[in-house]
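I open this notebook to keep a record of what I looked up, entry by entry. The sequence and the structure come first, and my entries follow.

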Amino acid sequence: MRHLRRLSIAAAVFLLLGGATYFLVNRQSDKKPVAAAKPAAQPVHIDGIRLETGNGEVLALDGNNATTSATVNGVQLNNDKETLRFEGTNTTTEKWNTLTVPAKLDYKVVLADGSQVWLNANTRLRFPFAFPANSREVIVDGEAYFKIAPDAARPFIVNVGHSRLEVLGTEFNVNNYGGKTITASLVKGAVAVKNETDRVVLAPGREAVYADAGKVKVKDFEEEHVISWINGIYTFRNTPLSVMTDVVPRMFDVQVVFDDPETAAIRFTGAMDKHDDLSVFVRNLELAAEIKSYYKNGVLHLKQ
């Protein structure tokens, strides 16, 4: 009797499980197939150096996915991850391209007329693939060094904020980081600086410092100090530490905070090489300025 009872219970459990399985299988088979939803198209996002062409195409110019060659509007682009060059005449001058260099990086572009432009970190340059017959014009936001190809028939114009630099075959540096003050430093040739109130012609070794609508001040400058960034070096001459809040994020993509205003006011002289680790500069700064540093949530803090 015990044996028969066990067999009856086992049979009941088997039927129950079989019925449940049958029910689940039938529920699945009764469902109509549903087409998989197509993922929404994601906007193009490039963290490194990038070129946005006049027709809206975005090209990466550094990193593993860098575009080494491409044809845009009949123009052949060539990129070696350090310099962008292009050639071709089948294009229109109405379309402008935007070259963006983010923090920590720098880049060079050779324009249609052969002029060379070095772009510092956090800098944007707008330019056409071909210049019109009567002028050459670009727009810069950040810092750039220009080596302009001579062309007496076509003046070269650099637009910075609401100001214009009229170039007469020359080499010069222009800086408008922060958008408040513009500094144009002439190395060779001649540059006419023009804003809403003044027009000043610079001689080599002189620089113009001014706000968009302010008075233009002209003074001497040290070439090594101004253009050392082309070699990845930023130099300081009796400079307040407060500039670290601008320079360090640009060169190392690290934010800087001062725990007290007295530390920010300390002045120092030295150099920062972006090819070294940031810790090298911070260690030297601690010794020279007699300050302390620490990191909190990825932010560099400086204090006395």
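Predicted model: local features only at pLDDT ≥ 70, side-chain atom pairs only at ≥ 80, totals over all residues.

Which residue forms a salt bridge with D113, and how far apart are the closest N and O atoms? I found that the partner is R136, with the closest N and O atoms 2.4 Å apart.

**Entry on salt bridges**

For a salt bridge I use this rule: a side-chain nitrogen of Lys or Arg lies within 4 Å of a carboxyl oxygen of Asp or Glu. D113 lies in the loop between β7 (107-110) and β8 (116-119), whereas R136 is in strand β10 (residues 136-141), so the pair ties together parts that are 23 residues apart in sequence. Strands here are DSSP runs of E with at least two residues, helices are runs of H or I with at least four, and both are numbered from the N terminus. D113 and R136 are both buried, where buried means under 20% relative accessible area, exposed means over 50%, and partly exposed is in between (1.4 Å probe, protein chains only).

Next I looked up D141, which forms a salt bridge with R124, the closest N and O atoms being 3.7 Å apart. D141 belongs to strand β10 and R124 to strand β9 (residues 123-128), so this pair ties together parts that are 17 residues apart in sequence. D141 is partly exposed at a relative accessible area of 38%, and R124 is partly exposed at 37%.

The side chains of K188 and E171 also meet in a salt bridge, at 3.8 Å from N to O. Since K188 lies in strand β15 (residues 182-188) and E171 in strand β14 (residues 171-175), the pair ties together parts that are 17 residues apart in sequence. K188 is partly exposed at 47% relative accessibility, whereas E171 is buried at 14%.

**Entry on strand pairing**

I then turned to strand β11 (residues 143-147), where 4 of the 5 residues are buried, so the strand is largely enclosed by the rest of the structure. Which strands pair with β11, if two strands pair when DSSP finds at least two bridges between them? I found that β8 and β11 pair in the antiparallel sense over 4 bridges, with L119 opposite A144 of β11. β14 also runs antiparallel to β11, and 5 bridges join them; here the bridge partner of Y145 is N173 in β14.

Further along, 4 bridges join strand β13 (residues 163-167) to strand β16 (residues 191-194), and these two run antiparallel. R164 stands opposite K194 in β16. β16 is also joined by 4 bridges to strand β17 (residues 199-202), again antiparallel, and V193 has V200 in β17 as its bridge partner. β16 and β17 form a hairpin, with 4 residues between them.

Methods:
Residues numbered from 1 in each chain as written. Heavy atoms only, no water. Pairing = 2+ DSSP bridges.
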